[in-house]
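Thanks for taking a look at this one with me.

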Amino acid sequence: MTAFNLNEDQQDCLQELINVAMGQASDQLARYLNTFVHLKVPSIEQVSTTSLSNSLNQEQQSVAVVSQGFLGYEGIRGEALLVYQHKDSDCIGNILGYEPDELSVEEQLIDLSSILTTTFLNVFAQQIDNQMSYNAPRLLSRGQDALAVYLQQLSFNCDMALKVKITYQVTDYSFNCDMILLIPESAITHIKAVIDRILADY
């Protein structure tokens, strides 16, 4: 059984929407950053917020998590988490073209996270004739307890969510980070309705 009872056609359609959004977002990011951006094939799975918190904290090199909520029409909503590692934190200023000491590392993380999140989700929304609005990105406190508490206090307060994981690789800077989209169960029903409309046109 697929996540939240998506049938095979719905799962394939969602995967294709994400793949297309990734491709277009990669091209836009490459032009914006003036470098090559590679994105791995995304994974889609059903998770609990508890297991997500544990899996994020198993990444011993994780240095920061930036979270940004998103909201579209027809009840589509969720949270985007950008996960960074120690070895990549010094690259961000160079990637964004900042002068030394122009912004703190924390401010650079928030800027880059907003670019990565909105670029992908805006392209995804265009494909389904939707439009996204975004909360201000925020840098989460470090540590398993802090992250677990934050995930439990998300605006949609879900126990289960659909998790979409996308890995960004900026090859010129040997930079990697993961974008994790969490879509609550209540929003999956609305996404399924949108997917069914798309499938009905083919």
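1. Four elements each supply at least two residues of its lining: helix α1, α4 (105-127), β7 (160-170) and β8 (175-184). Of these contributions, the largest share comes from α4, with three residues. Please keep in mind that this is a predicted model.

2. How big is the largest cavity? Its volume is about 110 Å³. The lining is made up of 14 residues, and L14, F124, L181, I183 and I191 are the closest to the centre. By type, the lining residues divide into 13 nonpolar and one charged, with no polar residue among them. Across the whole structure there are three cavities of 30 Å³ or more.

3. Is Q10 buried or exposed? Its relative accessibility is 5%, which is under the 20% cut-off, so Q10 counts as buried. Leaving aside residues up to four places away in sequence, Q10 touches N5, K192, I195, D196 and L199.

4. A word on confidence before you zoom in. The protein chain has a mean pLDDT of 80, and 80% of its residues reach 70 or more. Which elements mark the two ends of the range? Strand β5 (residues 133-134) has the highest mean pLDDT, 95, while helix α5 (residues 144-152) has the lowest, 64. Where pLDDT is low, the predicted coordinates should not be read in detail.

Notes. Residues numbered from 1 in each chain as written. Predicted model: local features only at pLDDT ≥ 70, side-chain atom pairs only at ≥ 80, totals over all residues. Heavy atoms only, no water. Buried < 20%, exposed > 50% of the residue type's maximum accessible area, 1.4 Å probe, protein only. Contact = heavy atoms within 4.5 Å. pLDDT = per-residue confidence, 0-100. 1 Å grid on protein atoms, 1.4 Å probe; cavity = no way out; pocket = protein on both sides within 12 Å on 5 of 7 lines; lining within 4 Å. Points joined across faces, edges and corners; volume = space filled by probe spheres on them. Nonpolar A, V, L, I, M, F, W, Y, C, P; charged D, E, K, R; others polar.
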